[in-house]
Amino acid sequence: MNRDLSLRGIFTEWVREVVGIEGRLPRTLGKLFAHPGVLTRAALEGERGTYLSALKLFLSANVAVFLVGPYIGAFAFELEAFVQESAFYRAFVERELLDLGMSAEAYGLRFDFTIRQHAPTFIFLVIPAMAGVYKALLPDRLFGEHLVHATDFVARFILVVLLAVIFMRLAGISGETLLDNPTVSLVANGTVLAGFIGLIGWHVSRSLQTVFGLRGAGLWTRTAVVAVGLAGLLYGYSQFPFWSTVVAVRLS
């Protein structure tokens with residue numbers, strides 16, 4: 001039987017593959033959010049057939065960002081956002097304009113075009129880096145196991161951020177307005193950081209228990225190290241697109 005390669009045919013095949021007649025997508029999301037580690041454990045035991053694989057889950061999360069993100073400002077990278085966020089970025093860009101002899105408008109257009117081309121792919125780099133953190137803490141386990149574990153985590157992170165931004169938009173909460181006030185900005189940033197680390201800690205501890213059977217002091221020590229390490233990796237991810245784009249613009 002010939003495969004339908006029309007746009008409609010490809011899209012229908014993708015929907016059938018992701019959702020499936022058994023409803024694999026809803027079942028996968030339920031486990032992903034409510035039961036950290038269950039999906040990874042199922043994959044390692046060869047029983048993930050009723051759920052989306054780690055790779056398909058990650059790709060589905062990226063498709064959701066691609067379809068919805070531009071309309072709600074999730075995972076949006078623009079020069080204006082960077083320079084408004086930090087006086088350091090603003091001063092650096094001003095020096096770049098002088099060195100390159102470009103107007104702010106021309107530089108902004110080239111920067112935004114370049115960063116939109118490659119920034120979404122940078123999240124891929126977080127996965128092997130996270131797997132490396134797990135491998136350092138649990139060297140007796142295979143790197144492939146940690147890779148599956150990290151892929152599930154990154155997919156969850158992407159979807160959590162996407163849902164959080166959607167909630168803020170529906171609730172009429174504007175991050176830009178809140179952060180105009182320095183005091184509110186400090187409190188908001190501190191609250192978000194504390195909540196983010198707490199959420200990472202809860203997810204990591206539950207998943208380490210479920211996937212690797214850790215308990216007691218070993219669990220909490222590794223949870224603390226992983227939570228801080230992952231927060232650092234994700235912070236690094238938020239900075240990497242800016243500096244890589246600066247280099248790309250200079251070389252273009």
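Visitor: Let's start with E96: buried or exposed?

Guide: E96 is buried, at a relative accessible area of 5%. The cut-offs are under 20% relative accessible area for buried, over 50% for exposed and partly exposed in between, using a 1.4 Å probe and protein chains only. This is a predicted model, so local features need pLDDT of at least 70 and side-chain atom pairs count only at pLDDT 80 or more, while totals for chains, interfaces and linings use all residues. Residues are numbered from 1 along each chain as its sequence is written, and side-chain values use heavy atoms, with hydrogens and water left out.

Visitor: What is the mean pLDDT of the protein?

Guide: pLDDT is the predictor's confidence in each residue, from 0 to 100. Here the mean is 80, and 80% of the residues reach 70 or more.

Visitor: How many helices and strands does the protein have?

Guide: Helices are DSSP runs of H or I with at least four residues, strands are runs of E with at least two, and both are numbered from the N terminus. The protein has 12 helices and zero strands. E96 sits in helix 6 (residues 87-100).

Visitor: Which residues does E96 touch?

Guide: Contact means heavy atoms within 4.5 Å. Leaving out residues up to four places away in sequence, E96 touches Y107, V246 and R250. For the protein, 72% of contacts between residues at least 6 apart in sequence join residues at least 24 apart.

Visitor: Which residue meets E96 in a salt bridge?

Guide: Side chains of opposite charge can pair when their charged atoms come close. The rule for a salt bridge is a side-chain nitrogen of Lys or Arg within 4 Å of a carboxyl oxygen of Asp or Glu. R250 meets E96 that way, at 3.0 Å from N to O. The pair links distant parts of the chain, with R250 in helix 12 and E96 in helix 6, 154 residues apart. R250 counts as partly exposed, at 41% relative accessibility.

Visitor: How many salt bridges does that rule give?

Guide: The count comes to five. One of them joins the side chains of R48 and D152, at 3.0 Å from N to O. R48 lies in the loop between helix 3 and helix 4 (54-72) and D152 in helix 9 (residues 143-170), so this pair ties together parts 104 residues apart in sequence. R48 is buried at 8%, and D152 is buried at 4% relative accessibility. R141 and E145 also meet in a salt bridge, at 2.9 Å from N to O.

Visitor: Which residues in the largest nonpolar core touch the most other members?

Guide: In soluble globular proteins, nonpolar side chains tend to be buried together. A nonpolar core is a set of buried Ala, Val, Leu, Ile, Met, Phe, Trp, Tyr and Cys residues joined through side-chain atoms within 4.5 Å. The largest one has 52 residues, and Y107, F111, V154, I158, L208, L230 and F242 touch the most other members. Helix 12 (residues 216-251) gives the most to this core, with nine residues. Not counting residues up to four places away in sequence, F242 touches L79, F82, Y89, F92, V93, F111 and I115.
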